[in-house]
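Try each task before reading its solution.

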Amino acid sequence: MAIILVVDDELGIRALLSEILTDEGHTVEVAENAAEARACRERLRPDLVLLDIWMPDVDGITLLKEWGATGLLTMPVIMMSGHGTIDTAVEATKFGAMAFLEKPVTLQKLLRAVEQGLVKPAAGHRQASPAAVPHHNHHLGEGALTVEAAMPGSSMLPSAPLMLGPQAEQSFDLDRPLREARDAFEKSYFEFHLAQENGSMTRVAEKTGLERTHLYRKLKQLGVDLSRNKRGGAL
């Protein structure tokens, strides 16, 4: 799989993204600032970088510009921000970012962006010119994402038919310890709602009343298979 560098000054985000991407089979390195990111970039030559825009020392846009100016932007870079706007996304793409994700980054958008970023070899990555910055539904180039697709309220993923999954009414074996019975019920409960919502973690979180990060961890704990939901369903 790929070597992915996650650059973010928030420990929780670094840990969560690292856990998710490691589960996907990637090798993940983390950096909390631009200095560490430069060192990791030189040492690892990552296949893809997830780069936070707002960092305390050198911001992500400045680091992106630096890599582009020095010929080091040889890998796809996906920008992240908790305060994203279209203007910010456009600026990022002008300097070579292939996509822009707003925090909190949903599971499906993250996996889809990473998948698209790794479609081409790193050497084939082209820095986007201002002319390639999307307007309405124009794309950033072959295989790239649109800015609008990366902004909140939009869908990066094609719609899919409702998956065949658990039915609303099921029977459970209650002749076992409480914890086992509860886990079996919860697993079926979440599998049912994932099927109903076409695999959308966002909508399942809203329907079940759980925060998305907690929902993801809960599904992992219960052993719910998320792989069949990653490519289907809009956010």
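**Exercise 1. Find how β1 and β3 pair, and over how many bridges.**

Solution. Step one: β1 and β3 run in the parallel sense and are joined over four bridges. Strands are DSSP runs of E with at least two residues, helices are runs of H or I with at least four, and both are numbered from the N terminus. Two strands count as paired if DSSP finds at least two bridges between them. Step two: look at L5, whose bridge partner in β3 is V49.

A word on the model: it is predicted, with local features needing pLDDT of at least 70 and side-chain atom pairs counting only at pLDDT 80 or more, while totals for chains, interfaces and linings use all residues. Residues are numbered from 1 along each chain as its sequence is written, and side-chain values use heavy atoms, leaving out hydrogens and water.

**Exercise 2. Trace β1 to its partner β2.**

Solution. Step one: β1 covers residues 3-7 and pairs with β2 in the parallel sense over five bridges. Step two: in β2, T27 is the bridge partner of I3, and A31 is that of V7. Step three: follow the chain from β1 through helix α1 (residues 11-23) to β2, a right-handed β-α-β crossover. Right-handed means that, with the strands pointing away from the viewer, the path from the first strand over the helix to the second runs clockwise.

**Exercise 3. Why is β1 largely enclosed by the rest of the structure?**

Solution. Four of the five residues of β1 are buried, so the strand is largely enclosed. Buried means under 20% relative accessible area, exposed over 50%, and partly exposed in between, using a 1.4 Å probe and protein chains only.

**Exercise 4. Give the strand order of the open sheet, and say which strands stand at the edges.**

Solution. Step one: the five strands follow the order β2-β1-β3-β4-β5, with parallel pairing. Step two: β2 (27-31) and β5 (99-102) each have a single partner strand, so one side of each is left without a neighbour in the sheet.

**Exercise 5. How do α8 and α9 pack?**

Solution. Step one: α8 (residues 201-208) and α9 (residues 212-222) pack at about 100 degrees, with axes 9 Å apart. Axes are lines fitted to C-alpha atoms, for helices over the stretch in contact (heavy atoms within 4.5 Å), and angles run from 0 to 180 degrees between N-to-C directions. Step two: the two helices are therefore roughly perpendicular; angles under 35 degrees count as roughly parallel, over 145 as roughly antiparallel, 65 to 115 as roughly perpendicular and the rest as oblique.
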